[in-house]
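Visitor: Hi, can you walk me through this one? I'd like to start with the contacts between side chains.

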Amino acid sequence: MAAQERSAARLVLDSLPGAPREPLHLLPCSIQHDGPAAVARYFVPAVRRDPEAPDGEASVSFRGRSLKGKESRLPKGYVGLVLEEANLGLTLKEREVSVKSTFDSLTVWNLEQAPTNSDEILMALAWPKIAQGLHAPVTEEE
């Protein structure tokens, strides 16, 4: 189905109020699977946090590789949504997605070194504040 052209999807807003808040991890890998997985059974990270590390850095081992991570909060006033396709039997033109869970922070992981402010996802999280400054009214000073 990934190779087929997809249309816009409609968000089922009724699914938002009851959605649980869950931790979110952004891993530096891609998984060649599209479907259900027993993530809670097989992915239970034993995260180590060093209280002396800058910016709350964390470390963990994933399949024998050292990962360094940093927890990042979403900008004030924003909430993250994890979406899942609802009504899979519908045609592509009638796609619906519902809210599976929400998050207000995510842990970004990199191989060997902790994420920095030059990582794309962390730069994206800074964008709302930058956009607010760009669109703020300009006042004339005498």
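Visitor: What does Arg-10 form a salt bridge with?
Guide: With Glu-96, and the closest N and O atoms are 2.1 Å apart. Arg-10 sits in strand β1 (residues 10-12) and Glu-96 in strand β7, so the pair ties together parts that are 86 residues apart in sequence. Strands here are DSSP runs of E, at least two residues long, and helices are runs of H or I of at least four, both numbered from the N terminus. For the salt bridge itself, a side-chain nitrogen of Lys or Arg has to be within 4 Å of a carboxyl oxygen of Asp or Glu.

Visitor: And what kind of model am I looking at?
Guide: A predicted model: local features need pLDDT of at least 70 and side-chain atom pairs count only at pLDDT 80 or more, while totals for chains, interfaces and linings use all residues. Residues are numbered from 1 along each chain as its sequence is written, and side-chain values use heavy atoms, with hydrogens and water left out.

Visitor: Back to that pair. Is Glu-96 buried or exposed?
Guide: Glu-96 is buried, at a relative accessible area of 14%. Arg-10 is partly exposed, at 48%. The cut-offs are under 20% for buried, over 50% for exposed and partly exposed in between, with a 1.4 Å probe and protein chains only.

Visitor: How many salt bridges does the structure hold?
Guide: Four. One of them joins the side chains of Asp-104 and Arg-21, at 3.3 Å from N to O. That pair also links distant parts of the chain, with Asp-104 in the loop between β7 and β8 and Arg-21 in the loop between β1 and β2, 83 residues apart. Asp-104 counts as partly exposed at 25% relative accessibility, whereas Arg-21 is exposed at 53%.

Visitor: Which residues are linked in a network of salt bridges?
Guide: Arg-21, Arg-73 and Asp-104.

Visitor: How many residues of β8 are buried?
Guide: Six of its seven, counting residues 105-111.

Visitor: And the β4 side?
Guide: β4 (residues 57-62) runs antiparallel to β5 (residues 65-73), joined by six bridges. Glu-57 stands opposite Lys-70, and Ser-61 faces Ser-66. The two strands form a hairpin with two residues between them, and Arg-63 in the turn has a positive phi of about 55°.

Visitor: New topic: what's the volume of the largest pocket?
Guide: About 1,700 Å³. A pocket is an open set of 1 Å grid points where a 1.4 Å probe fits, with protein on both sides within 12 Å along at least five of seven lines; lining residues have an atom within 4 Å of a point. The volume is the space filled by probe spheres set on the points, which are joined across faces, edges and corners.

Visitor: Which residues lie nearest its centre?
Guide: Gly-35, Ala-37, Val-39, Val-82 and Lys-100, out of 33 lining residues. β2 (25-26), α1 (39-42), β6 (80-86) and β7 (96-103) each supply at least two residues of the lining.

Visitor: What's the lining like by class?
Guide: There are 21 nonpolar, five polar and seven charged residues. Nonpolar covers Ala, Val, Leu, Ile, Met, Phe, Trp, Tyr, Cys and Pro; charged covers Asp, Glu, Lys and Arg; the others, Gly among them, are polar.

Methods. Pairing = 2+ DSSP bridges.
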